[in-house]
Amino acid sequence: MRRLIPTGEAERPVAFAEVPQPVPEPDEVLVKVEAFAPNRGETFLLEDPRPGWLPGKDVAGLVVQAAADGSGPGIGARVVGHPAQGGWAEYAAVPTHSLAVLPDGIDSVRAAALPLAGITALRLLRTAGPVAGLRVLLTGASGGVGHYVTELAVGAGAELTAVTATPERGERLVELGAHVVHGVAAAEGPFDVVLESTGGPDLPLALSEVRPGGTLVWFGQASRTPATLDFFELLGGPERVTIRHFHYAGAPYGPDLASLVRLVERGRLHPEIGSVTGWAETAETLVDLRERRVRGKAVLLTGGTR
């Protein structure tokens, strides 16, 4: 079968290789991948790939081999999955605890856009706690996670301000009900909850907008610049603020994937897909994603979709 493997080259970070099909573990199904979605974090890992790493965590496709232990769906089921690695391939082994069955109304393109970004959004909002009636600030909001957080938070009753780099990248967020600004300094606090994903100079700025006793959840560093906090500046800012570090990872992912599928099926969540191409164009798409030229999610097709 064909698989995309890292090259270590900045402008062409992956290339095709002919490799054997994966052999699933007893609790894994073999999925014929129809679509996969790269994440911006994977573009950073591709700059200096560790030996043996096979990229690909968000896949959708068809089960062609059921799990030997009897768990999970049978042959022919359409699924969305979140394997630890190896999804940018014609076939992927996916643990049954980290997939969900797709209804007929959700195609592989929308399904592939769900896993990492959608799971992150769900778990991030659970960490933040009930947001109904609260003022929420979201930085780095124009990527896949930002779109899901916006739709879910606004749907839950939050008054959400989203920070994007340009008006164009914020258009969809306005449609979803967010107030959009272009720079943390333009956000008008105070906010009950800040969801901060950029790091660098934006984190202390965002922290200064938290109300006394409020919470900042730090879930990323998209700027790739460490943040610096000054103790004495904090003394002149909001008091008793809680800073929480957040990372989405932790299997099982299946229950959250099933929740995301239900939300999409019921029209309460709408994946924002900025690019859909054949997987022959994966290298170019990865560069566009890394350079923030894609709004929302990018999806690659390995063949036909349903």
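Which strands and which helix do the buried residues of helix H9 pack against? The legends below take this up, starting with the whole chain. This is a predicted model, in which local features need pLDDT of at least 70 and side-chain atom pairs count only at pLDDT 80 or more, while totals for chains, interfaces and linings use all residues. Residues are numbered from 1 along each chain as its sequence is written, and side-chain values use heavy atoms, with hydrogens and water left out.

**Figure 1. The whole protein chain, with its nine helices and 15 strands.** Helices (H or I, at least four residues) and strands (E, at least two) are DSSP runs, numbered from the N terminus. The radius of gyration is 20 Å, close to the 19 Å that the globule rule gives for 306 residues, so the chain is as compact as a globular protein of that length. For your own check, this radius is taken over C-alpha atoms, and the rule is 2.2 Å times the number of residues to the power 0.38. The C-alpha trace spans about 60 × 40 × 35 Å along its principal axes. Of the 306 residues, 51% are buried; buried means under 20% relative accessible area, exposed over 50%, and partly exposed in between (1.4 Å probe, protein chains only). Contact means heavy atoms within 4.5 Å, and among contacts with a separation of 6 or more, 69% join residues 24 or more positions apart. The accessible surface comes to about 13,100 Å², with 53% of it belonging to carbon and sulfur atoms; the areas come from the Shrake-Rupley method with a 1.4 Å probe, and for residues, only the protein chains shown count as cover.

**Figure 2. The largest nonpolar core, a set of 51 residues.** Such a core is a set of buried Ala, Val, Leu, Ile, Met, Phe, Trp, Tyr and Cys residues joined through side-chain atoms within 4.5 Å. Val-149, Leu-195, Leu-269 and Val-299 touch the most other members. Among the elements that give two or more residues to this core are helix H3 (115-128), helix H4 (144-155), strand E11 (191-196) and strand E15 (297-301). Helix H3 gives the most, with eight residues. Take a look at Val-149: leaving out residues up to four places away in sequence, Val-149 touches Ala-121, Leu-124, Leu-125, Leu-138, Val-154 and Leu-195. Apart from this core lies another, of 21 residues, including Trp-53 and Val-94.

**Figure 3. Helix H9 (residues 282-290), a mostly covered helix.** Seven of its nine residues are buried: Thr-282, Ala-283, Thr-285, Leu-286, Val-287, Leu-289 and Arg-290. Here is the reply to the opening question: the buried residues of H9 pack against strands E1 (2-6), E2 (14-18), E3 (28-36), E14 (273-278) and E15, and against helix H1 (40-45). Thr-285 lies in this helix and has a relative accessible area of 6%. Not counting residues up to four places away in sequence, Thr-285 touches Ser-275, Thr-277, Ala-298 and Leu-300. Thr-285 and Val-299 are 14 residues apart in sequence and 8.9 Å apart in space, C-alpha to C-alpha.

**Figure 4. Ala-141, in the loop between strand E8 and helix H4.** Ala-141 is buried, at 0% relative accessibility. Leaving aside neighbours within four places in sequence, Ala-141 is in contact with Gly-146, His-147, Ala-162, Val-163, Thr-164 and Leu-173. With Ala-162, the separation is 21 residues in sequence and 5.7 Å in space, C-alpha to C-alpha.

**Figure 5. Two cis peptide bonds, from Gly-189 to Pro-190 and from Ala-251 to Pro-252.** Omega is about 5° for the bond between Gly-189 and Pro-190, and near 10° for the bond from Ala-251 to Pro-252. Pro-190 lies in the loop between strand E10 (179-181) and E11. Pro-252 has its place in the loop between strand E13 (242-245) and helix H8.

**Figure 6. Positive phi at Arg-224 and Arg-292.** Arg-224 is not a glycine, yet has a positive phi of about 65°. This arginine, Arg-224, lies in the loop between strand E12 (210-218) and helix H7 (231-235) and counts as partly exposed at 44% relative accessibility. For Arg-292, phi is near 60°. Arg-292 sits in the loop between H9 and E15 and is partly exposed, at 33% relative accessibility.
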